[in-house]
Amino acid sequence: MTTEAQGEHHDPPYMMIFAVLLIMTMGEVGFAFLSLPKFWLALGLCVMAVWKALLVALYYMHLRWEPRRLWILVAAPLPLVVILITAVLTEF
Amino acid sequence: MENWSWMLDESASSVGPQIDRLYYIILVITGIVFVATEVTLLYFLFKYRHREGHKAEYIHGNTKAEIIWTAIPALIVLAIALMSRGLWAEIKDPANVPADAMRVMLEAKQFEWNLTYPGPDGELRTGDDFTVRNRLDIPLDRPTVLEMTSVDVIHSFFVPDFRLKQDIVPGMAMQMWFQPTRAGVFPIGCAELCGIGHTRMRGTLTVHSPADYQAWVNEQVQGAASAAEPAAPAPATQAQ
Amino acid sequence: MTSHATSAEQNMMVPDLTFEPGMKVFNMKLGMWVFLLSEVMFFTSLIGSYVILRFAHPDHFPEPGVVLNVPLTAFNTFFLICSSVTMVKAFAAIQKGDQQKFKLWLLGTILIGAAFVGIQAYEYSLLVAEHFGPSAAGYAPVGRGMEEGGPIVGGPLYGATFYTMTGFHGAHVSIGVLCLIFVLIQAMRGKYTAADHRGVEVIGLYWHFVDLVWIVLFTIVYLI
Amino acid sequence: MATHAATAEGHATGAGHDEHHKLSFIRTYIFSTDHKMIAKQFLLASLLFLLIGGILAGLVRWQLGFPGQPIPFIGSMFSDTTAPGGIILPEFYNSLVTMHATFMIFFAIMPLLVGVWGNFLIPLQIGAPDMAFPRLNTASFWISVPAGILMLASFFVEGGAAGAGWTSYAPLSANPEYSGVHMGQVLWLVSLIILGFSSLTGAVNYITTIINMRAPGMTWFRMPLPTWSLFVTSWLLLLAIPILTGGLIMLLFDQTIGTGFFNPATDGEPLLWQHIFWYFGHPEVYILILPAMGLVSEVISNRARKPIFGYHAMVLAIISIAFLGWVVWGHHMFQSGMNPLLGTSFMISTIIIAVPSAIKVFNWLGTLWKGDIHFDVPMLHALAFVAMFIIGGLSGIFMASAPVDIPIHDTYFIVAHIHYVLFGGSLFGIFAGITFWFPKMFGRMMSPKLGKIHFWVTIFAYNAVFFPMHNLGLRNHMRRIYDPNSYEYLQPLQGLNTFISIAAFILIAGQMIFAFSFFYSMFFGEKAEQNPWKSNTLEWTAAGHPPGHGNFPGGTPHVYRGPYEYSSPESNEDFLPQGVPPEPVRRGAVPREPGFLPTGD
Amino acid sequence: MLGTSEIRGLLASSLVAVLLVGCGGGDSAENAPAATETAAAPAENPVDAATAGNIHGTIKFTGTAPKAVAIDMADEPTCQTATGGTAVIEDVVVGADGGLANVFVYVKSGIDPALKFPVGPGKEIDQQGCQYHPHVIGLQAGEQLTVKNGDPVLHNINATPTTNRGFNRSQPQAGMTFETQFASDEIMIPVRCDVHGWMSAYIGVTSHPYHSVTAADGTFSLDRLPPGTYTLEAWHEKYGTATQEVTVATGQTAEVTFEFDGKVAAEVPMGPVLLVDMHNGTLRRTTTLVQQ
């Protein structure tokens, strides 16, 4: 179950993820300068950023191959982040 | 102790009795819980104190009891929450600000309350407005809306007898409304630490009868008008 | 969890287990993950403040590319992503016991990371030269920017949030570079083997996390 | 699986076993990596800060009880900018109020609960040889030392110590023009940023240790409640402290380099600071009470010689308090000009948090029920905790109801409430803990006679100080005002204020009994036996007071049952330690009434 | 177990720390260098009394004076009683014969910088009846200023200079005093009480003793100047500044008259004052620096 042992079996597609990240970054920069409404622009960029962050966490940080318990642990602060920002945003 | 009481002082605003009622409801509920739990605690301490040859019973818990004493407090606090919710919305919801209210501008600064009144024309931000320091004078017959701003730090406008308290955050325009229910003079305080002079940031709220209020406005307007026009210096100015 | 699964008898039957199975990852790695969670909250407080201030005062924040140099930073982002790849490559190499490749990739990561910090410092120097600083003092009329021909667009909250967020990210990268240098020294001494390379994995987690934060920062600071 | 376990063991125990030989003085007492020594360092340092915080409280009470009169005895020692001739100046009063809260919360109660008991109890109670990261643990203490020194130093810089309240509401705290304090505020901020690192390293250590280093058989639901509460507290620390650190850094930049995060002059948002502060601040409140709840549960179960009533419910209550604690921060801001609709949701979530607290109280009562209660000093403190926590919890309901909060917000009602929770709760919990585990820490018993005198003085003086404050609050006595007599309607309350102050001086003097007893017993107390309280938990099975490096010289202990098997029919005595193997032939099934929750097996 | 020696050390250090905190700290050391500086100043006036001349003068007010604004001290009954309710804002005080009081007159240039003057005997500013007495005060750099609270109410005195070090100290009780001084010359230092918004005073600091504040009749005098030509400046908090060249002949008294016509000056040199703009509720920080 250890990652060391896992590494032997899976060879994570590091280079492929790299290519995807690179293409998405270029896509983001291009997308940012499209003349879309601000809301859609922001939404699209956020989705892309979250997707990229997920790729890094899953593949480069090997979360994909970690036990389920670690997933739960890692996800723990995310609701708190969402609660803080959304609650305070309603203020302004 | 001669000043000891769980009662609140008599309120002087329209929301006062409702807040007080909620306070007394909570006081009774918590009072009962307080007495019940503390008496039980003391009773257990006495009843089950250590005696030679006595052994405690091996009890791990009781699911039924757990469910009961989870559900009952939950229902009680939810009831309190629901009662509070309605009153809270009534007091604070901007939609509930009365339309016919008199509007007064309150500007808080370290360490004074500056109140700007609509002059005889009844409109704020016109030429006949006048400003007084640390004095809020209002008529009895209509609600008042305070348009509050702060120029430096956070102050909190506190009228104990009116059950009014509102922080005034610099950079934000805040509103607060109230309807007095009796004439009189009431203290105003600052409830948020605002610096060295926090302790002396106080004022008085005077509720006049409508006629008295009009007289007071006239007096103020005349005073302001005579101060504005240049005149020969009074002899008193030579006090040095 | 495992409260009912293990009785006393069962426990006595598995004497080789020294500890109750908790996370099934080794301590250092678990500790790093736990630490990274607190880092998530730290950046939340900085990025969250930015989001909220920007939402409340949109006029302080100019359109992307007006003040900040997007191509330069996009290039820098590319650098940081590259450093993540070299880091995983180093990790993969030491997993297979390839010391030579491991050290090379590690060195590459350090160099690219240092270059990222360098480019960021260069970017700062350019911005400061254009009088875009963190302090509110440079902005003339509050909230409106300098209308008298000055190069600053936007309000003082822009500079404050920009420098705070990117500055603390830069500090994290710098600390990461220092840690990687330490790991490289240890690697030179032959501390890491195919069987035990926990240090590399743990520092890798940190490095990728910093990369991850930058992905978010780049998007919301430079592009939105 | 096997490989991994071996590596984990090798790593974790390596630090412990390798250092069995004699260590130098510095490695043993100063830069020790032994979690027990670090716990003692935290204990001494934070007791010192408790004393300082108490002295500051005494000065505050002097001004309120005897406004404008020179401080007796030490009055002439004050400088012209603080209290010329012993008469406290308003700016010094603001500093006193601020620093009293800061020292008590961040430098006394927090390290006393988390630093001391987290370090001392976690590895011992879960059967681990040491913390997961012993050197990080050393760092955790030594990082906190400069933080404390900086905070103390802020009294001596120009302008005096920070005076914007412990909540440091911007813009009063962001701009020296408003408060007259610059350097003091900067030091306050820097000190708390540094202290945050200390808490963070501690939290990482505790969480990793509890997750990964429990002895075989020590399943989640066999963990003693102090460990459980410390585990949950560590999560609160881990996730709340960085939020504060971020806010402190922004406030520091506002104060020093002129950014405008919280300064309305540059369109910054003062309310943002309040949100950030209370988003940390509310979990912080539970950081300050949850470990005490854990300690008290242990003491009550032990001294009532009875299993804790509803162990699972207790654990779930701790966890749900922690979870709910994240969504209630807005109740500190009902009158702050926050969106009123947001206030409604905060009010409901706040009021619901009363439920798990009530569960805990009822379970403590349930534990006492049909028990065999021994009134030892730790038990007295633990019972005082329960009795006082009931008051503190109930008075919290008044504030949770937003409309009732309007008149009592920022009055002495709040001061009474927070002290019923922080003193009546946390501090009695701490006293219970210190008197209970003192034999394990120092190998000697604390004097029961002095302990009882201290307890009775404390409980009476304490209630005389803080109970009348409810009344002051209902009479609209604002908090943090320098001279209540400047309000005419508060002048009749001066007698009550004086009474409170006198009681406060007695309370502070009473703590000297504890200080004396603590140090006296350390050297001359009665030698403690191996298991003086006849406790079940693992720390008492470890030989030595305290056990040497590595904790369990005979190897990691095995755990066979839950921690609170007191008066179990399986045993001839009234306790059954966790580490004692079950006899080969069982004495027959344990009788259980229907509906009882099985615990611990 | 802790070592005995270590515990002793801990105890001793804690005691020291407690005592230090008990003292409350402060900046008593901060005043020390200034005090020694004062001591180093020459004790004797370097100006030869035999050849020295004087400047005497009057400030005339030629415009129409605004009506004095009464101060409402209703919320500070002590001061209300002390002043009999007659207190007015002292920004423009015109004497019966048209003299303008509270004008700070000083020699702006022409003094030989090589001359070192002894520091004056010190002055006092008193907070009495919730007003500052005097309203305008002239000090020599390094000269002692005694701040006194004559009222049984809380005052804080907040001086906001530009070049000097300011202070903001409160005095909650009657009879409280403290001493301070300014190290370098500055025209003018505003002084405010944050608790009583109407209270204001101004302090002018010069590096020599040739400064004066006009009396109620608008007169002033500068005595014992070495013969020579000087630039004289008159400063008023509302009407700004006016300058004149004056030549002092050996043993003679030069007569000077300044005139203020009542036109409010656009810029008055003084340190930063926090002003509230009552009309749009914004905070304005005015920093009009001395133009030298």
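## A tour through chains D, E, A and B

Select D:Pro171 to begin; this residue sits in the loop of chain D between helix H5 (134-153) and helix H6 (176-179). The model on screen is predicted. The peptide bond joining D:Ala170 and D:Pro171 is cis, with omega about 0°. As background, most peptide bonds are trans.

Stay in chain D and go to D:Asn476. Look in the loop between helix H17 (448-474) and helix H18 (494-524). D:Asn476 is not a glycine, yet has a positive phi of about 65°. Is D:Asn476 buried or exposed? Its relative accessible area is 7%, so D:Asn476 counts as buried, the cut-off being under 20%.

**Chain E**

Select E:Cys130 next. This residue lies in the loop between strand E3 (123-128) and strand E4 (131-133) of chain E. E:Cys130 is buried, with a relative accessible area of 0%. For context, most residues other than glycine have a negative phi.

Then pick E:Ile187 and E:Met188. A cis peptide bond links them, with omega about -15°. E:Met188 belongs to strand E10 (residues 186-192) of chain E.

**Chain A**

Select residues 14-32 and 38-60 of chain A, which are helices H2 and H3. They pack at an angle of about 165°, and their axes are 10 Å apart. H2(A) and H3(A) are therefore roughly antiparallel to each other, since angles over 145 degrees count as such. The crossing of H2(A) past H3(A) is left-handed.

Show side chains at the contact. From H2(A), residues including A:Phe18, A:Leu21, A:Met24 and A:Phe31 take part. From H3(A), display A:Trp40, A:Leu45, A:Met48 and A:Trp51, among others. Sorted by class, the contact of H2(A) with H3(A) has 18 nonpolar, 2 polar and 2 charged residues.

**Chain B**

Finish on the sheet. In chain B, 5 strands form an open sheet with mixed pairing, in the order E4-E10-E9-E6-E7. Which strands stand at the edges? Strand E4 (135-139) and strand E7 (164-168) of chain B do; each has a single partner strand, so one side of each is left without a neighbour in the sheet. From one strand to the next, the twist averages 20°.

Zoom in on E4(B) and strand E10 (residues 203-208) of chain B. The two run parallel, joined by 5 bridges. Within this pair, B:Arg135 stands opposite B:Thr204 in E10(B). In general, strands of a sheet pair through backbone hydrogen bonds.

Note on methods: Residues are numbered from 1 along each chain as its sequence is written. Chains are lettered from A and ligands numbered from 1 in the order in which they are written. This is a predicted model: local features need pLDDT of at least 70, side-chain atom pairs count only at pLDDT 80 or more; totals for chains, interfaces and linings use all residues. Side-chain values use heavy atoms; hydrogens and water are left out. Two strands pair if DSSP finds at least two bridges between them. Helices (H or I, at least four residues) and strands (E, at least two) are DSSP runs, numbered from the N terminus. Axes are lines fitted to C-alpha atoms, for helices over the stretch in contact, and angles run from 0 to 180 degrees between N-to-C directions. Buried means under 20% relative accessible area, exposed over 50%, partly exposed in between (1.4 Å probe, protein chains only). Angles under 35 degrees count as roughly parallel, over 145 as roughly antiparallel, 65 to 115 as roughly perpendicular and the rest as oblique. A crossing is left-handed if the near helix is turned anticlockwise from the far one by less than a right angle, and right-handed if clockwise. Contact means heavy atoms within 4.5 Å. Ala, Val, Leu, Ile, Met, Phe, Trp, Tyr, Cys and Pro count as nonpolar, Asp, Glu, Lys and Arg as charged, and the others, Gly among them, as polar.
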